[in-house]
Amino acid sequence: MKAVVLESAENPIVVKEVAKPVPGAGEVLVQIKAAALNRRDWWITQGKYAGIKYPTILGADGAGIVAEAGEGAESWVGKEVIINPSHNWGDHSEYQGKDFKILGLPDDGTLAEYVLVKTEYLYPKPTHLNWEQAAAIPLAGLTAYRALFSKAHLKRGDKVLIVGVGAGTGTFLLQWAVAAGAQVFVTSGSSEKIERARQLGAAAGVDYKAQDWAQELKHLAGGFDIVVDSALGPDFAKIPDLCNPGGRIVFFGGTAGNIPELNARPLFWKQLQLLGSTMGTQEEFKAMLQFINEHKIVPVVDEVLPLADAKTAFEKMGASKQFGKIVLVNA
C-alpha cells in the first residue's frame with residue numbers, strides 16, 4: 001500500500017510503498033478514504049516532538065471503510081467509520097495515564113491507503129458529512145471539545161475568546177461554541193481569517209499583531225468568561241485582565257513559547273482558573289459525535305490534496321496559510 005512515511009530526520013516525508021498490515025484479534029483494517037493533517041504531524045517532521053521513531057507512518061485523523069477484520073471483529077466489515085486517535089487514555093477522566101498514545105506515533109497512522117485499528121476506537125461516520133469533512137474531525141475536534149465543555153464548562157450565553165482561530169482546533173472551538181449558544185470573539189494575524197470566522201458565527205475579531213489588540217477586545221466584549229489559547233508566548237500575560245470574574249483560561253499548546261512573567265493578582269482576586277488540557281477520553285469522543293450529529297455541524301476543510309502531494313500539504317501547514325483542515329485523499 002502507499003503511505004506517507006517519516007523515514008529519517010533528513011528525509012521526513014516520503015510517499016512510498018509499504019507492507020499492508022494484517023489485523024489480529026479485535027482489530028480491523030480500515031481502507032482510508034481521507035486523512036487530515038494536524039500541527040502535531042508537522043512538529044514530528046521537524047524533529048520537535050517526543051518519542052520520534054523511524055520509520056513511522058504519520059497521521060492521527062482518518063475516515064474510511066472497514067476492509068478486513070481479525071477474530072471477533074468481523075461484524076465491522078463494510079462499515080463507514082471515523083477513528084478516535086486518542087488511545088489508552090487510562091482510568092481517570094481528569095488526566096491521561098502513562099500508557100496514553102496518539103495514533104500516528106508510535107503506532108503507524110492514517111496517512112496511508114490502510115490503517116490498523118482496534119475496534120474500540122471506531123465510530124460510525126456522521127451521515128451528513130462527506131469523507132473529507134469526517135476525516136477533519138478526530139484530533140482537533142476532540143481537543144476543542146474537551147477544552148470547552150469538560151474543562152471550561154461552557155454554557156449558553158458565555159462570552160468566549162479564541163486565540164488564533166485559523167488552525168484546525170481554532171475553527172472547531174468556534175463551531176462548537178457557536179452551536180452551544182456562546183458569544184464568540186477571535187484573534188488572528190489575518191484579516192481574511194477573521195472575516196471567515198465572522199461568517200461562521202463569530203461576533204467580532206481582532207488582529208493579534210496590533211499593539212492594542214487586548215484593549216480593542218476589551219472595548220468590543222467587555223470581558224470573557226472563557227479564553228482558549230494554543231500559543232502561550234508573551235501575549236499570554238494580557239489574558240487574565242481580559243477575563244470576567246470566575247473566568248476559565250484553557251490552553252493545550254505552546255507554539256509561541258512559554259507562559260511569561262505575569263501579574264498573578266487578577267488570578268486570585270477574580271477567582272480565575274488556569275486549566276491545561278490534552279486530547280480527550282472515549283466518552284468525550286462519543287459525546288462530540290453526538291453534538292456534531294445533533295447540530296449538523298460541517299467541519300471547515302481548507303484544501304483537499306491527493307496523498308501523493310503530502311509534501312505540499314505539509315509545506316502549507318508549516319506556513320500557517322490554512323483556515324481549517326488540510327485533508328489528503330486516496331484516489
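Predicted model: local features only at pLDDT ≥ 70, side-chain atom pairs only at ≥ 80, totals over all residues.
Tutor: The axes of α3 (residues 138-151) and α9 (residues 282-295) come within 10 Å and cross at roughly 95°.

Student: What makes α3 roughly perpendicular to α9?

Tutor: The crossing angle is roughly 95°. Angles from 65 to 115 degrees count as roughly perpendicular, so α3 gets that label against α9.

Student: Which residues in α3 and α9 meet?

Tutor: From α3 you have Pro138, Gly141, Leu142, Tyr145, Arg146, Phe149 and Ser150, and they meet Glu284, Phe285, Ala287, Met288 and Phe291 of α9. By type, the contact of α3 with α9 divides into eight nonpolar, two polar and two charged residues.

Student: Over to Thr45 in helix α1 (residues 39-45). Why is Thr45 called buried?

Tutor: Buried means under 20% relative accessible area. Thr45 has 8%, so it's buried.

Student: What does the side chain of Thr45 reach?

Tutor: The backbone oxygen of Trp42, at 2.6 Å. Leaving aside neighbours within four places in sequence, Thr45 is also in contact with Leu6, Pro12, Ile13, Leu58 and Phe314.

Student: And α4 (residues 168-179): how do you know that α4 is mostly covered?

Tutor: Count the buried ones: 11 of its 12 residues. Among them are Phe172, Leu173, Leu174 and Trp176.

Student: How does the reach of α4 sit against the expected value?

Tutor: From first C-alpha to last, α4 reaches 17 Å, close to the 16 Å expected at 1.5 Å a residue. Just after α4, Gly181 takes a positive phi of about 90°.

Note on methods
Residues numbered from 1 in each chain as written. Heavy atoms only, no water. Helix = DSSP H or I, 4+ residues; strand = E, 2+ residues; numbered from the N terminus. Expected span 1.5 Å × (residues − 1). Buried < 20%, exposed > 50% of the residue type's maximum accessible area, 1.4 Å probe, protein only. Axes fitted to C-alpha atoms, helices over the stretch in contact; angles between N-to-C directions. Parallel < 35°, antiparallel > 145°, perpendicular 65-115°, else oblique. Contact = heavy atoms within 4.5 Å. Nonpolar A, V, L, I, M, F, W, Y, C, P; charged D, E, K, R; others polar. Polar contact = N/O pair within 3.5 Å; in protein donor to acceptor, adjacent residues only side chain to side chain.
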